[in-house]
Amino acid sequence: MKLARIVEKLSLAVRTGSENLDTEVTAGYSSDLMSDVIAHARAGSLWITLQIHQNIVAVASMNELAGIVLVNGREPEEETIAKAEAEGLPIMVTQLPNFELAGRLYSLGISGVPA
Amino acid sequence: MFQARSFTKVQELVYEMKVKQVMTEDVITVRPETPMRQLREIFLRNRISGTPVVEGDFLVGIISLEDFIKWLYDREENSLIESKMTRDVECLFADEPLVHAVSKFEKMGYGRFPVTDRQTGKLVGVITKGDIIAGLLRKLEVEYIEEEIQRYRASHIFEDIVADRTRLVFEYDVLGQNFEQAGECSSRLKRTLKRLGLDPTTTRRVAIASYEAEMNLVVFTRGGRIVARVEPGRISMDVKDSGPGIADIEKALQPGYSTAPQWVRDLGFGAGMGLNNIQRCADEMEIISSPGKGTHLKISILTGDDGEAGKNSREAQSSSSDRQ
């Protein structure tokens, strides 16, 4: 499913990278630990996290992730926005908590990364 | 993403290219004294729907299928072209940028414009929307082929360099304790390897390993250096710092074991997985460290003879099983 469709279906607010919503989301991954994301999220995954600092951009682009969704109404830091814009990386925000968002993604047909 | 890029590429070309590069030079023309009844044959034979009217080399008018139909309707059998043609002709100069032609087509809705030489005023060609499209496609193809050639050259750099041993060395200085710059070095290294045309799996493994190593320098040390050596068949990295050193390397390699302070963990780092991630990406890894003296991490990633990922790569295996 295209990222743009997910954004629309789950009413996510796009904060950065709105030009790159045409990407195909291949899976979802939820974690707040950088190395864990690097180890387990595959290219094309949508990453759900609470972390809002600028290093999430490096982790996402290093792993060629489709985008990042910040949960619980968290907003990206200013530096995070600047870096994400420079990389063209989509960052979305939602009021939903992590578990809730993951569940809704699942019901849209986005599954996790197989262990 | 691709659409956005190719759109700007076409825009760029439309400004860069001139009318004369896409126009048809071999123009079918008629003379003012040509009888209207001959037009049918001229249009049919040349598969055109309009043509400039010239006297000598100079443009005096334009006659189109529409004028022809009007003539048929008026039943003035013996008229000459000069009595039916449009005299006040909109033209383009051969040296105008293509974007002028595009906007003129948009504004006026005509099917073609005669092209004249700015200095001499002579007719030198005709331009249609089809000419513009064909011209742009030709240019895009030429540029595409040039890009392919360049990419080929980049990826075969080791074949083209004549030496007994070839090695490219890239050095990056990592600032310790600096989370703003963290990850910069590995993303620069990644860009460099991409530019060299290394295969994406290898590039990704090097990038991940160097990112984790860089983060270790940022979190635990006052800074250090990453040296990446690219040579035929392998990429090796030396990551050196003069920081606190690792007391128990075996323990440090256990997944989840970490000595990172709480504030670092709050950022999502120091989860005790960094070295494991490096190990997963590397074909060979060695840590030389003693407390107080700093750490030297050696990593090798094999690229194989044909630029493919090394055989021992677990990363490569797991990413290929992902595709199933």
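**Exercise 1. The hairpin of chain B**

Task: In this predicted model, determine how many residues lie between S9(B) and S10(B) in the hairpin, and what the phi of Gly292(B) is.

Solution. S9(B) and S10(B) form a hairpin with 3 residues between them. In the turn, Gly292(B) adopts a positive phi of about 85 degrees. The next step is to examine the pairing: strand S9 (residues 284-290) and strand S10 (residues 294-302) of chain B run antiparallel and are joined by 7 bridges. One bridge pairs Ser290(B) with Gly294(B) of S10(B).

**Exercise 2. The sheet around the hairpin**

**Exercise 3. The contact between the chains**

Task: State how many residues each chain gives to the contact, and which element supplies the largest share on the side of chain B.

Solution. Chain B contributes 20 residues and chain A contributes 18 residues. On the side of chain B that touches chain A, the elements giving two or more residues are helix H9 (184-196), helix H10 (200-220) and helix H13 (274-281) of chain B. The largest share, 4 residues, comes from H10(B). By type, the residues on this side of chain B comprise 11 nonpolar, 6 polar and 3 charged.

**Exercise 4. Nonpolar cores**

Task: Describe the largest nonpolar core and name the residues with the most contacts inside it.

Solution. This core has 66 residues, and those with the most contacts inside it are Trp47(A), Val59(A), Ala60(A), Val69(A) and Ala209(B). H10(B) gives the most to this core, namely 11 residues. Apart from neighbours within four places in sequence, Val59(A) is in contact with Met34(A), Val37(A) and Ile38(A). A second, separate core of 14 residues includes Met23(B), Leu92(B), Leu98(B) and Val115(B).

**Exercise 5. Glu78(A)**

Task: Decide whether Glu78(A) is buried or exposed.

Solution. Glu78(A) belongs to helix H4 (residues 78-87) of chain A. Glu78(A) has 9 other C-beta atoms within 10 Å. The cut-off for an exposed residue is 12 or fewer, and therefore Glu78(A) is exposed.

How values were computed. Residues numbered from 1 in each chain as written. Chains lettered and ligands numbered in written order. Predicted model: local features only at pLDDT ≥ 70, side-chain atom pairs only at ≥ 80, totals over all residues. Contact = placed C-beta atoms within 7 Å. Nonpolar A, V, L, I, M, F, W, Y, C, P; charged D, E, K, R; others polar. Pairing = 2+ DSSP bridges. Core = buried A, V, L, I, M, F, W, Y, C linked by C-beta atoms within 7 Å. Buried ≥ 20, exposed ≤ 12 C-beta atoms within 10 Å, placed from the backbone.
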